[in-house]
Structures are given as structure tokens and as C-alpha cells.
Amino acid sequence: MKKYCLDLKVKMVERLGDKYVRLRLTDENALPEMLPGQFVEVRVDGSPSTFLRRPISINFVDYSQNELWLLVAAVGDGTRRLAALQPGETLNCVLPLGNSFTMPHSSNERYLLVGGGVGVAPLLFLGKAIHEQGGEPTFLLGARSAADLLELEEFKKYGRVCVTTEDGSMGERGFVTNHSVLSLERFDRICTCGPKPMMMAVARYASKADVECEVSLENKMACGLGACLCCVEKTTEGNVCVCTEGPVLNVKKLLWQL
């Protein structure tokens, strides 16, 4: 797909709890085609400690409103600068980058989309795409507490939502791999994004259940174009750049010890 370097206008900044922000970006021209699982590299201006672009998953694309949504967790100086953006300001983005999740071959395929924390971001756009093809995905979303669960109402527009929290403040208590839906139902494909330990646990479940599983890796990426080699991942096919060969990879290609 063709890549673009665009100065996108901040249309809206939505606070989602203490440290999470959803940026709604737009452009005077129609936004380019983007696929679920792809990401953007954003330039962080005004940060004395952020020299390289930051990779951020595409949370959602609303073509009717010409909006690109980015979900940001303000945890460092760079992301705090992004969270402090105001409507009317611009954000320089290189997009779309990377590959995408595998889409259903038929509306009968049962998809389980598993996300943890801010890692839920790419699953909303994926769920919308599956829904538009006639499917109804099941979302399994986990967080430390109810305050850390993000975009629940948005997810409910496109499928069933199951929730776990570590403190039991919402949904079932525990981690996503403890949720009862995994023992009660059978799925054809699992797509997951979030902390690596969580994704490894999901991959372990998928392997035992003999279910195809794709993970969206969050390796550090500086360029997004395969030039800097800082996001290399070891696979069954050798070392690959996650920013170009991923970020979505089938777990069967990864050398994870499951």
C-alpha cells in the first residue's frame, strides 16, 4: 500500500480516564485506505527527550467523518506531549504502516479478539471490519481495574464484549485467559494485542485448543520502514522487521516458548 506523510489536524481530544486519551484526527483531503492491524508513526514535537517517531496502532477509521482515531496512554514524556495536544493543532503522521490481521473467509467464522490495557486499540477497527462482512466477533478485554477498561461502548457496537479485571471491579476476576468463555465456547481464530506476557498466555491457550492465532507485536519501532532494524523479531523464517513483516504475525512463526 502507498504510504503518506501527512500533517493531520486534531479534531477532538477525548479523555478516557486519568492517563488515556483518544485523538480524533482529520485532513482536508480524504484519508487514505487503512487496514485493521496497521499503525502510524507520529512525530512528537516539543519534547527534549523524544527524538524518534512513536508507533501507534490505528484504533479506528471513520471514513464518513474522515477521522482517524489514535488511542494514547500517557506514560512518558513523548506520549504526555501527545495527550496534551489541543483541537486545531497538527500531528505529523506517516501512514499506513505494517500489515493487517487476516479477515474472515465467511461470515460463519467465529473470531475472538483479545486485548489488554491500551493494547485493545487495533481490535476496535478489526471488529468493525468483521462486523461489516456479516460476522459478529467476540471481544475479550482485560485490564487491572474497571478504570483501565477502554472504549467498551464502542466495542459493543460491533460484537459481544467479555471483560476481566485483575481486582474484580468489573466482569470476571483474573486475567483474560481465566475468562469462562474460553472453556465454554470454541473459536476459529484468535487475534490479540497487549502486553507480551498476556499475548503469550493467549498463544499458549490457542496452541492447546488448536486454534489459529495472530498477535500484534509491540516491539520498539523507530522508522516504521525496516531501515533502523530496532524492531527485529526472531521467527521460523529468520529475523524479520516487525514494522514491515508485521506487526501482525501468526504465532506459529514466532519462536516463543509456549
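In strand β9, threonine 164 is the bridge partner of glycine 142. Threonine 164 also stands opposite glutamate 172 in β10. The model is predicted, so local features need pLDDT of at least 70 and side-chain atom pairs count only at pLDDT 80 or more, while totals for chains, interfaces and linings use all residues. Residues are numbered from 1 along each chain as its sequence is written, and side-chain values use heavy atoms, with hydrogens and water left out.

**The open sheet**

Helices (H or I, at least four residues) and strands (E, at least two) are DSSP runs, numbered from the N terminus. Two strands pair if DSSP finds at least two bridges between them. Strands of a sheet pair through backbone hydrogen bonds, either parallel or antiparallel.

An open sheet of seven strands has the order β10-β9-β8-β7-β11-β12-β15, and its pairing is mixed. At the edges stand β10 (172-173) and β15 (248-250), each with a single partner strand, so one side of each is left without a neighbour in the sheet.

| Strands | Bridges | Direction |
|---|---|---|
| β8 and β9 (residues 160-165) | six | parallel |
| β9 and β10 | two | parallel |
| β7 and β11 | five | parallel |
| β4 and β5 (residues 67-73) | four | antiparallel |

**The barrel**

Six strands close into a barrel in the order β1-β2-β5-β4-β3-β6, with antiparallel pairing. From one strand to the next, the twist averages 45°; axes are lines fitted to C-alpha atoms, for helices over the stretch in contact, and angles run from 0 to 180 degrees between N-to-C directions. Glutamate 67, in β5, is the bridge partner of aspartate 62.

Arginine 24 is found in strand β2 (residues 20-26). Is this residue buried or exposed? Arginine 24 is buried, because its relative accessible area is 14%; buried means under 20% relative accessible area, exposed over 50%, and partly exposed in between (1.4 Å probe, protein chains only). Contact means heavy atoms within 4.5 Å. Leaving aside residues up to four places away in sequence, arginine 24 touches Lys9, Val10, Lys11, Met12, Glu14, Glu67, Leu68 and Trp69. Arginine 24 and valine 13 are 11 residues apart in sequence, and their C-alpha atoms are 6.4 Å apart in space.

**Helix α2 between the sheets**

Helix α2 lies across β4 and β5, running at about 30° to β4. The helix α2 also lies across β7, β8 and β11, at about 165° to β7. Of its 12 residues, 10 are buried, so α2 is largely enclosed by the rest of the structure. The buried residues include Ala121, Leu124, Phe125 and Lys128. Among the elements that cover them are β4, β5, β7, β8 (138-143), α3 (152-155) and β11 (189-193). After α2 comes glycine 134, whose phi is positive, near 100°.

**Aromatic rings**

A pair of aromatic rings is described by the distance of the centres and the angle of the planes. Rings of Phe, Tyr and Trp (its six-membered ring) pair if their centres lie within 6.5 Å; planes under 30 degrees apart count as stacked, over 60 as edge-to-face and the rest as tilted. By this rule there are four aromatic pairs. One of them is edge-to-face: phenylalanine 60 and phenylalanine 125 lie 6.3 Å apart, centre to centre, with 65° between the planes. This pair links distant parts of the chain, 65 residues apart, with phenylalanine 60 in strand β4 (residues 54-62) and phenylalanine 125 in helix α2 (residues 121-132). Both phenylalanine 60 and phenylalanine 125 are buried. Ring pairs link Phe60, Trp69, Phe125 and Tyr158 into a cluster. Arginine 22 lies over the face of tryptophan 69, at 4.9 Å from the ring centre; a charge sits over a ring if NZ of Lys or CZ of Arg is within 6 Å of the ring centre and within 35 degrees of the ring normal.

**Nonpolar cores**

A nonpolar core is a set of buried Ala, Val, Leu, Ile, Met, Phe, Trp, Tyr and Cys residues joined through side-chain atoms within 4.5 Å. The largest has 32 residues, and those with the most contacts inside it are Val114, Leu140, Ile190, Val215, Leu217 and Trp256. Seven residues, the largest share of this core, come from α5. A second, separate core of 26 residues includes Ala73, Leu113, Phe139 and Ala143. Helix α5 lies across β7, β11 and β12, running at about 170° to β11.
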